[in-house]
Amino acid sequence: MSTPIAVVTGASSGIGAATARRLAAAGYRVVLTARRRDRIEALADELRTAGREAEAHPLDVTDRAAVDAFAGSLDRCDVLVNNAGGAIGLEPVADGDPADWRAMYEVNVLGVLNLTQALLPALIASGAGTVLVVTSTAGHGTYEGGGGYAAAKHGAHVLANTLRLEIVDQPVRVIEIAPGMVHTEEFSLTRFRGDAERAAAVYEGVAEPLTADDVADTIVWAITRPPHVNVDLLVLRPRAQASNSKVHRAPVGRSDS
């Protein structure tokens with residue numbers, strides 16, 4: 001049998017890059033997509049040097065024509081990891097910029113829709129396909145300042161739920177992984193428009209927030225279950241986070257284990 005192919009969006013850093021590494025180690029030929037060509041090409045080179053199968057395809061998931069062209073270039077697809085997303089700003093609803101809300105909806109919801117629609121025929125044809133959507137605990141609750149991001153992630157959550165109902169007669173699983181607090185190099189930095197001090201404060205006093213590799217480990221575990229086993233929804237948080245708004249923080253200068 002030929003090597004199964006896994007497409008990973010947002011693979012230039014963080015959870016996407018970590019997932020690509022783990023899928024490649026698990027025997028998949030990984031197809032890396034993201035807007036930053038240099039990042040995904042460097043990762044593809046790293047994986048090939050390690051004896052893995054990988055290729056890079058620069059892609060903006062919000063560009064439907066580009067997504068359709070990308071899908072048409074693949075000879076098959078067994079797994080789609082819809083990971084591309086992100087948050088912009090932490091303003092209250094009363095002050096939120098509609099452009100920020102629109103941008104979050106475009107990538108977190110319409111990006112998932114674009115890739116899923118474009119690759120669904122190939123996933124069905126594989127005979128044992130997997131659509132995995134990386135949402136967030138923000139897709140299952142909300143918090144002050146998180147209105148735009150939570151609305152977008154709720155949209156992605158509903159998309160996954162609805163798709164699962166609609167294709168239950170097809171050989172394709174729909175999995176949702178919803179991480180809580182994950183400390184990556186870019187998520188909070190992007191949310192706060194490059195303000196490194198505000199980004200660092202998000203994790204201050206939290207002994208062990210999740211890492212990108214923690215989430216990637218969970219993603220690959222779900223994907224590598226037997227084809228008849230569907231992990232509908234898996235929520236994961238660091239032990240120190242009980243909810244979106246309840247986080248244990250040690251006093252400055254001390255970190256609880």
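Visitor: Which residue forms a salt bridge with R21?

Guide: E46 does, and the closest N and O atoms of the pair are 2.8 Å apart. A salt bridge here is a side-chain nitrogen of Lys or Arg within 4 Å of a carboxyl oxygen of Asp or Glu. Please note that this is a predicted model, in which local features need pLDDT of at least 70, side-chain atom pairs count only at pLDDT 80 or more, and totals for chains, interfaces and linings use all residues. Residues are numbered from 1 along each chain as its sequence is written, and side-chain values use heavy atoms, with hydrogens and water left out.

Visitor: How many salt bridges does a search of the whole structure find?

Guide: It finds 14. One of them joins R76 and D78, whose closest N and O atoms are 2.6 Å apart. R76 is partly exposed at 26%, whereas D78 is buried at 8%.

Visitor: And what forms a salt bridge with R164?

Guide: D232 does, the closest N and O atoms being 3.6 Å apart. R164 lies in helix α5 (residues 147-166) and D232 in the loop between α8 (212-223) and β7 (233-236), so this pair ties together parts that are 68 residues apart in sequence. R164 is buried at 17% relative accessibility, while D232 is partly exposed at 38%.

Visitor: Turning to pockets, how much space lies in the second largest pocket?

Guide: About 230 Å³. Its lining has 15 residues, of which P4, Y28, D78, A128 and P227 are the closest to the centre. On a 1 Å grid over the protein atoms alone, a pocket is an open set of points with protein on both sides within 12 Å along at least five of seven lines, a cavity is a set where a 1.4 Å probe fits but cannot get out, and lining residues have an atom within 4 Å of a point. Grid points are joined across faces, edges and corners, and a volume is the space filled by probe spheres set on the points.

Visitor: How many cavities of 30 Å³ or more are there?

Guide: The search finds 1. The largest cavity holds about 100 Å³ of space. Among its 17 lining residues, I88, G89, E91, W101 and M104 are the closest to the centre. Helices α4 and α5 each supply at least two residues of that lining.

Visitor: What does G96 touch?

Guide: G96 touches E91 and W101, not counting residues up to four places away in sequence; contact means heavy atoms within 4.5 Å. G96 is found in the loop between β4 (79-82) and α4, and is partly exposed at 23%.

Terms used
Buried < 20%, exposed > 50% of the residue type's maximum accessible area, 1.4 Å probe, protein only. Helix = DSSP H or I, 4+ residues; strand = E, 2+ residues; numbered from the N terminus.
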